[in-house]
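This report goes through the structure shown below, one part at a time. Please keep it in view while reading.

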Amino acid sequence: MQPERQSLRRAVEKWLNPGARTAIHAQRVRHGKTRTFSCVWVHVSCRDGSLSVAFFRHEDGSWQVYPPAVKLPVMGAARRRFACET
């Protein structure tokens, strides 16, 4: 099942349900060259307390609370015919 494509704003509203008087702070997390996805920490503060959630950007452009699947290198093997084979 594919998750629906959603913006970061929609994902924050869905998961954190911030009110009009809620302070929201977003911080992009930088990764080394080996990481191919974006991550944003969203901090929400209100009178009841605070909460932080990480959102990950997927290849389809959607933002989700789980990281995208890691693509591992793949080796393929195919039978080749050589000139010496009959």
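## The helix and what follows it

Just after helix H1, Asn-17 has a positive phi of about 45 degrees. H1 itself spans residues 8-16, and its buried residues include Ala-11, Val-12 and Leu-16. Here, helices (H or I, at least four residues) and strands (E, at least two) are DSSP runs, numbered from the N terminus. Buried means under 20% relative accessible area, exposed over 50%, and partly exposed in between (1.4 Å probe, protein chains only).

An α-helix has 3.6 residues a turn, so residues three or four places apart point the same way. The face turned away from the buried side of H1 carries the exposed residues Arg-9 and Lys-14.

Residues are numbered from 1 along each chain as its sequence is written, and side-chain values use heavy atoms, with hydrogens and water left out.

The pLDDT is the predictor's confidence in each residue, from 0 to 100. It averages 76 over the protein chain, and 71% of the residues score at least 70. Among the elements of the chain, H1 has the lowest mean pLDDT (83) and S4 the highest (87). Where pLDDT is low, the predicted coordinates should not be read in detail.

## The sheet

Four strands form an open sheet in the order S1-S2-S3-S4, with antiparallel pairing. The edge strands, S1 and S4, each pair on one side only. Two strands pair if DSSP finds at least two bridges between them.

S1 (residues 23-29) is joined to S2 (residues 39-46) by 7 bridges; His-25 has His-43 as its bridge partner, and Val-29 has Cys-39. S2 and S3 (residues 49-57) pair over 8 bridges and form a hairpin with 2 residues between them. In this pairing, Trp-41 is partnered by Ala-54 and Ser-45 by Ser-50. S3 and S4 are joined by 2 bridges, and Arg-57 is partnered by Trp-63. Between S3 and S4 there are 5 residues, and Gly-61 in that turn has a positive phi of about 95 degrees.

## The core

What covers the buried residues of H1 includes S2, S3 and S4 (63-64). Which residues make up the largest nonpolar core? They are Ala-11, Val-12, Leu-16, Val-40, Val-42, Val-44, Val-53, Phe-55 and Trp-63, 9 residues in all. H1, S2 and S3 each supply at least two residues of this core. A nonpolar core is a set of buried Ala, Val, Leu, Ile, Met, Phe, Trp, Tyr and Cys residues joined through side-chain atoms within 4.5 Å.

Leaving aside its neighbours within four places in sequence, Val-44 is in contact (heavy atoms within 4.5 Å) with Leu-16, Thr-22, Ala-23, Ile-24, Gly-49, Ser-50 and Leu-51.

Conventions:
Predicted model: local features only at pLDDT ≥ 70, side-chain atom pairs only at ≥ 80, totals over all residues.
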